[in-house]
Amino acid sequence: MAARRRSDDERVVVTGIGCVSAMGRGVDALLAGLREGRDCARPVTAFDTTGFAHAQGCEVPEGALHTPAGTGLGRAAAFAVDATLLALQDAGLEASALRSVPVAVAVGTTDGESRDLDDIVGLEVAGATGDGSAVLARRVQPLRLSAAVARHLELERAEVLTLQTACAAGNYAIGYGYDAIVSGDVEIALTGGADALCRKTFTGFYRLGTIAPDVCRPFDADREGILTGEGGAVLVLETLASARARGARPYAEVLGYGLACDAAHPVAPDVAGVARTIRTALDRAGLEPADVDLVSAHGTGTRANDVTEVGALREVYGDALPRTVSIKSMLGHAMGAASALGAASSALALRHQFVPPTINHRTTDPACAVDCQPNVSAPAALDVVQNHGLAFGGNNSVVLFARVDRGTAA
């Protein structure tokens, strides 16, 4: 389809990336890990795993999270704040310069501060007294994830929103920020997702039989499920005109996004719902399927997700599937932060012109046969990357990123 050419005042670009993940702290750590194909799986230490037959996960390394002193933040909010500070630094923006500027702060999450809820229950079971439970209870409201960012930056004109659309939430937040920029409501959008590994969510997936015993193998015939992860990723969005005026070098352009809630089943994904989300994103971005070079899939490594997701891609792309990779094979499933980390990885892939690998791969399952870039990254000429976030309840989100100078020489 012929898309109307947008002016620089209408084009939305990513000018900063901040992330704290199982790869470490900062965008350089994420980039190095993606290029290397690093497996971040290790025994879970966030809670007592006694009684579980296996308990591997992808935790943020000790010392990688820098929590501002005296803030009393829960771990998820600390991920959101630290990732935001890193993103602003990466974008070349001073926090003080944003205080009186219209800014959107949108953070997606699955669990909020459920790790604190785990601790509250632990204190009650132990019959502990004192104000420990009260301190934890005051910070479990999910809104605190985005409010903590606005408060720490002392923003005076902030639109603050926490989105709880489970594992699609990071992409939902990016879509919200994109709309806020396009509408002219804000000048800067700080968007992404954050979640901390917690016992509640690990146990839920374990009881569903979807926790892998050792590693995550998306699209593999021998895949056995997810590994829960954690972290935070925040993208700085602004217009291309704004970026050029201050001499910033964008990572990528946000071309558009699609959201859909098929509500077909509480936990089972639906081919039609996912395909509809992809088509909506392509339509809003003014793209044809042939324009997409790479799909950063939800790719959890469960039996149901991978077959359904590839089935939806075939509904849209037919047999001409783009390369389709899953960074969860390396980072684990960071819940509400997952698609935000996928967005960061998509932007890095476009800037550095490479395809991250799907690691731990041995034999592709014919039921979800894609070119998943097995085990090693590769250089590639990329113009458009499609980032997926699929969630329980049929909450699906797709964001399309492009090289800013797409259509010219790389």
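At what angle do helix 6 and helix 12 pack, and how far apart are their axes? Helix 6 (residues 169–182) and helix 12 (residues 338–352) pack at an angle of about 65°, with their axes 5 Å apart; the axes are lines fitted to C-alpha atoms over the stretch in contact, and angles run from 0 to 180 degrees between N-to-C directions. This is a predicted model, in which local features need pLDDT of at least 70 and side-chain atom pairs count only at pLDDT 80 or more, while totals for chains, interfaces and linings use all residues. Residues are numbered from 1 along each chain as its sequence is written, and side-chain values use heavy atoms, with hydrogens and water left out.

**Helix packing**
- On the helix 6 side A169, G170, N171 and I174 meet S339, A340 and A343 of helix 12, where contact means heavy atoms within 4.5 Å.
- The residues of this contact comprise four nonpolar, three polar and no charged, with Ala, Val, Leu, Ile, Met, Phe, Trp, Tyr, Cys and Pro counted as nonpolar, Asp, Glu, Lys and Arg as charged, and the others, Gly among them, as polar.

**Strand 5**
- Six of the six residues of strand 5 (residues 103–108) are buried, so the strand is largely enclosed by the rest of the structure; buried means under 20% relative accessible area, exposed over 50%, and partly exposed in between (1.4 Å probe, protein chains only).
- Helices (H or I, at least four residues) and strands (E, at least two) are DSSP runs, numbered from the N terminus.
- Strand 5 pairs in the parallel sense with strand 6 (residues 158–163) over six bridges, and six bridges also join strand 5 to strand 7 (residues 188–195), again running parallel; pairing requires that DSSP finds at least two bridges between two strands.
- V107 stands opposite T162 in strand 6, and its bridge partner in strand 7 is G192.

**Charged side chains**
- The whole structure holds 18 salt bridges, each being a side-chain nitrogen of Lys or Arg within 4 Å of a carboxyl oxygen of Asp or Glu.
- E230 and R75 meet in a salt bridge (2.9 Å, N to O), in which E230 counts as buried at 1% relative accessibility and R75 as partly exposed at 25%.
- D111 forms a salt bridge with K200, the closest N and O atoms being 3.0 Å apart; D111 lies in the loop between strand 5 and helix 3 (114–125) and K200 in helix 7, so the pair ties together parts that are 89 residues apart in sequence.
- K328 is buried yet has no salt bridge, and the nearest side chain of opposite charge, E309, is 7.2 Å away.

Definitions and conventions. Lys and Arg count as positive and Asp and Glu as negative; His and the chain ends are not counted.
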